[in-house]
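Dear colleague,

Please find below the structure for your own work. My notes on it follow directly after.

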Amino acid sequence: MNQSINETIRSWPDARGRFGEFGGRFVPETLMHPIEELERAWEASRADKEFQAEFQRLLKEYAGRPTPLFHARRLTEHLGGAQIYLKREDLLHTGAHKINNAIGQGLLARRMGKTRLIAETGAGQHGVATATVAALLGLRCVVYMGEEDMARQAPNVFRMRLLGAEVVSVRSGSKTLKDAINEAMRDWVTNVGDTHYLLGSVLGPHPYPVMVREFHRAIGREARGQFIAQAGRLPDLLAACVGGGSNSIGLFYDFIEDSQVAMVGVEAGGRSPNLGDHAARFAGGKPGVLHGTYSYVLQDEDGQVHASLGRRGARRRAHASPNRGHHPGARARARAGGNCLPRAKHGQRQNHRSQFIRPRRQRLEHLSVGRHPLNQL
Amino acid sequence: MPTISKTRIDSRFRELAERKAKGLVIYLTAGDPTLEDTGKLLAAVNRGGADVIELGVPFSDPLADGPVIQRASERGLKSGASLARILERLPRWRQEMEAPVILFTYYNPVLQYGLERFARDAARAGAAGALVLDLTPEEAESYIAAMRAQSLDTVFLAAPTSTDERLERLAPLSTGFLYLISRPGTTGERNEISRELGPLIERARRHTELPLAVGFGVSNPEQVREVTKDADAAVVGSALVRAIEDRYAAGGPDAIEHFVRWLREGTGAA
């Protein structure tokens, strides 16, 4: 991979919030001013030493960073291929990497004088993280969740309510995550004065994708140092599951200029390659505009967006992050000989293991996970 | 200031101005309840006295819309009202009406259809222009170029949250009229017109000579009268869509014609 291309990729987004051709801002006019305000506040916070110190302190003392990098020897042995390392984001407070971004945006919301946080959630992890940060900072919290997702993830609904959040059941459209995002946007457009929309994925209008990426960068920064310390070299390959893209870009970003490190994003292949039966946006979607950004979208030829389906029936985003519209995916495809892995093996996580871990004997690998390490493989 | 073009929307507003009358813009969703009904409804809305009609293109993710138009959008999708089918039928629908029609849509259906193809087919179908709800001025360059090439109007929206800087950026891109969002929020009926509207109208006047049409939350003749005191036209959407929900099945197109006539009382025109 050409070094200068990687440098360009690492410099994204441009002033318009574009990652190459992807990203940008596609929202109703009412939201443009709040988004510009958010961008200014975020830029200012990056240069604000006090803000950064508070963010780092909470990541360490509240969330539990740094998380360990664990050499999974028995799993390595069992699979008989690459040396597998796990970046244990599941050990963070609330049980997922989501808390990194929730703390960052929560502090930003407080800095902007907002008193109310809203969020969308699918499986519930981002909702729990947001509810937790709202409780920590003394902000009100409303979480939008698809009716179907609420039934499937009842324990997380309970946790959010226990933390004082209001969980609103979304019954419109497909009653899943993409509709929860629509509903959160509708709330935001109505309550722009006192409310911050704490988006949990690397999607949405600029500056969300870059902001979420930056708040999750600790994952890759830590992992890179830890890997070098433990293995004495860089890993050959990074793998991460790809839903909304926050854990994958958090891991990948600090490795982008390491052109020898391959990156693989694993999408949920679901039941079949038919629209509505899977969540493989790069393998099965095409570029379009949804939820404020230009990226890969699962849609029909009329531009109507379809719900996605993961393996356990969990509906996920119909949309891939503009951050990832290009680089890691593109590089992964290049490394895999032009074949996107999810297309090659639809939806079978075990098959992914065998496909890209087993054959690469003697290679050092390392896997980042959002939640439960083994389930997410 | 924009150059004064001579589109059908311009002449409609000029005509209103000459009579010192106010305009009524009516929104309805295509394919609600079926595509066949859309033809009848457009004719009824036209007979009722709409000056401009916004024809909504159903979208799977209408994030700027409240529950009423969301439901209409779902019905439209169910009845197969894709952009392609709407453009295919529009010439026939337009035979029985004179009010200019603007396509009111989210960006993705237009993007997937193709910007140039959309502009060409919309012009061929007799549309006067389009309003793309989630297309910001910052991202609209290619769309505007494609629309201008077909002499179609590009209506943009301004909101109470739009700063003077934003008004300066978006007002020159709008043609036909400038759509003012009366209050922060989604589309839908409200009991009162927001106090934020007055200052917005005043600021908008400083940035454009275009007619100003006010929408979001305008649902009865009193509110039409109230917003057209300072603005040039009122836009009624959700209330009309609700009338279709409530009255069309039993009352047919006549019920909708009467509803529009009733709204029109607010413009002071007979």
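Pro13(A) sits in the loop that runs between helix 1 (3–11) and strand 1 (18–19) of chain A; helices (H or I, at least four residues) and strands (E, at least two) are DSSP runs, numbered from the N terminus. The peptide bond between Trp12(A) and Pro13(A) is cis, with omega about 5°.

Before the remaining findings, a note on conventions. The model is predicted, and local features need pLDDT of at least 70, side-chain atom pairs count only at pLDDT 80 or more, while totals for chains, interfaces and linings use all residues. Residues are numbered from 1 along each chain as its sequence is written, chains are lettered from A and ligands numbered from 1 in the order in which they are written, and side-chain values use heavy atoms, with hydrogens and water left out.

Further backbone features of chain A

A cis peptide bond also joins Arg65(A) and Pro66(A), with omega about -5°. Pro66(A) belongs to the loop between helix 3 (49–63) and strand 3 (69–71) of chain A. His291(A), a residue other than glycine, has a positive phi near 50°; His291(A) is placed in the loop between strand 11 and strand 12 (293–297) of chain A. As background, most residues other than glycine have a negative phi, and most peptide bonds are trans.

The interface between chains A and B

In the model, 36 residues of chain A are in contact with 37 residues of chain B, where contact means heavy atoms within 4.5 Å. The area buried between the two chains is about 2,800 Å², and carbon and sulfur atoms give 52% of it; buried area is the accessible area (1.4 Å probe) that two parts lose on being put together, summed over both. On the side of chain A, Glu29(A), Arg186(A) and Gln304(A) lose the most area to chain B, together 24% of what that side buries.

Six salt bridges are counted between chain A and chain B, a salt bridge being a side-chain nitrogen of Lys or Arg within 4 Å of a carboxyl oxygen of Asp or Glu. Glu29(A) forms a salt bridge with Arg166(B), at 2.8 Å from N to O.

Helix 2 (29–47), helix 9 (177–190) and strand 11 (286–290) of chain A are the elements that give two or more residues to the side of chain A that touches chain B. Helix 9 of chain A gives the most, with eight residues.

Salt bridges overall

Over all chains, the count comes to 49 salt bridges. One of the pairs is Arg25(A) with Glu39(A), at 2.7 Å from N to O. Arg25(A) lies in the loop between strand 2 (22–23) and helix 2 of chain A, and Glu39(A) in helix 2 of chain A, so the pair ties together parts that are 14 residues apart in sequence.

Sheets

In chain A, four strands form an open sheet in the order 7-6-5-8, with parallel pairing; two strands pair if DSSP finds at least two bridges between them. Strand 7 (166–170) and strand 8 (195–197) of chain A are the edge strands, each pairing on one side only. Strand 5 (residues 116–121) of chain A runs parallel to strand 8 of chain A and is joined to it by three bridges, and Leu117(A) has His196(A) as its bridge partner in strand 8 of chain A.

Chain B has an open sheet of nine strands in the order 5-4-3-2-1-9-8-7-6, again with parallel pairing. Strand 5 (153–155) and strand 6 (157–158) of chain B stand at the edges with a single partner strand each, so one side of each is left without a neighbour in the sheet.

Kind regards
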